[in-house]
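This report describes a single protein chain residue by residue and element by element. Please consult the sequence and the structure shown below while reading.

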Amino acid sequence: MGRTVVVLGGGISGLAASYHLSRAPCPPKVMLGGSWLQTLEASGCVLSQELFQQRAQEAAATQLGLKELPSHCLVHLHKNCIPQYTLGHWQKLESARQFLAAHRLPLTLAGASYEGVAVNDCIESGRQAAVSVVGTEPNS
């Protein structure tokens with residue numbers, strides 16, 4: 001049976017595609033992007049489906065040991081879907097928090113832009129924001 005290599009770039013459409021493709025037999029997925037993609041763009045490289053497929057196949061071979069060519073390959077490019085913190089992010093965040101506290105502004109920072117981009121990070125960020133506003137931990 002052939003293997004499937006899928007390149008997903010995140011976002012809601014990436015999650016939906018991932019869900020449907022996860023039900024297919026033997027569906028390894030390869031997610032490429034971030035600084036790797038930015039470097040390609042900066043060098044003037046043509047971002048083609050063939051390039052992404054080739055890199056995904058190389059990654060599947062190197063990291064998963066899948067040497068056989070895929071029977072199907074779907075390539076989806078979703079730019080700017082996953083936040084990437086810039087150098088000095090944590091210092092800027094601490095400075096913003098100090099400013100809010102010093103000026104006693106009724107504002108709480110929560111979400112993927114601050115302490116982590118994963119779903120569990122966002123849930124914890126929301127929980128901490130609620131505790132900050134209400135002033136107590138919720139009953140377990």
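Val30 has a relative accessible area of 9%, under the 20% limit, and is therefore buried. This residue belongs to strand 2, which spans residues 29-30. The model discussed here is a predicted one. Along the chain, Val30 and Ala59 are 29 residues apart, yet their C-alpha atoms are separated by 7.3 Å.

Both residues also belong to the largest nonpolar core, which consists of five residues: Val30, Ala56, Ala59, Ala60 and Leu66. Helix 3 (residues 49-64) supplies the largest share of this core, namely three residues.

**Overall architecture**

The protein chain contains five helices and three strands. Read from the N terminus, the order of these elements is β-α-β-α-α-β-α-α. The chain has 140 residues, of which 24% count as buried. Among the contacts in the chain with a separation of 6 or more, 53% are between residues 24 or more positions apart.

Is His89 buried or exposed? With a relative accessibility of 12%, His89 falls under the 20% limit and so counts as buried. Its side chain reaches the backbone oxygen of Tyr114 at a distance of 2.9 Å. When residues up to four places away in sequence are left aside, His89 touches Ser113 and Tyr114.

Trp90, by contrast, has a relative accessible area of 46%; because this value lies between 20% and 50%, the residue is classed as partly exposed. With the same exclusion of residues up to four places away in sequence, Trp90 touches Tyr85, Tyr114 and Glu115. Trp90 and Glu115 lie 25 residues apart in sequence, and the distance between their C-alpha atoms is 8.6 Å.

Two or more lining residues come from each of helix 4 (89-102) and helix 5 (119-134). Which element gives the most to this lining? Helix 5 does, with four residues. By residue type, the lining comprises six nonpolar, four polar and two charged residues. The space in this pocket amounts to about 200 Å³.

**The loop between helix 4 and helix 5**

Arg104 sits in the loop that joins helix 4 and helix 5. Although Arg104 is not a glycine, its phi is positive, at about 50°. Most residues other than glycine have a negative phi. The relative accessible area of Arg104 is 76%, over the 50% limit, and this residue is therefore exposed.

**Accessibility of the residues discussed**

The table gathers the relative accessible areas given above.

| Residue | Relative accessible area | Class |
|---|---|---|
| Val30 | 9% | buried |
| His89 | 12% | buried |
| Trp90 | 46% | partly exposed |
| Arg104 | 76% | exposed |

Key:
Residues are numbered from 1 along each chain as its sequence is written. This is a predicted model: local features need pLDDT of at least 70, side-chain atom pairs count only at pLDDT 80 or more; totals for chains, interfaces and linings use all residues. Side-chain values use heavy atoms; hydrogens and water are left out. On a 1 Å grid over the protein atoms alone, a cavity is a set of points where a 1.4 Å probe fits but cannot get out, and a pocket is an open set with protein on both sides within 12 Å along at least five of seven lines; lining residues have an atom within 4 Å of a point. Grid points are joined across faces, edges and corners, and a volume is the space filled by probe spheres set on the points. Ala, Val, Leu, Ile, Met, Phe, Trp, Tyr, Cys and Pro count as nonpolar, Asp, Glu, Lys and Arg as charged, and the others, Gly among them, as polar. A nonpolar core is a set of buried Ala, Val, Leu, Ile, Met, Phe, Trp, Tyr and Cys residues joined through side-chain atoms within 4.5 Å. Buried means under 20% relative accessible area, exposed over 50%, partly exposed in between (1.4 Å probe, protein chains only). A polar contact is a pair of N or O atoms within 3.5 Å; within protein, one must be able to donate a hydrogen and the other to accept it, and residues adjacent in sequence count only if both atoms are side-chain atoms. Contact means heavy atoms within 4.5 Å.
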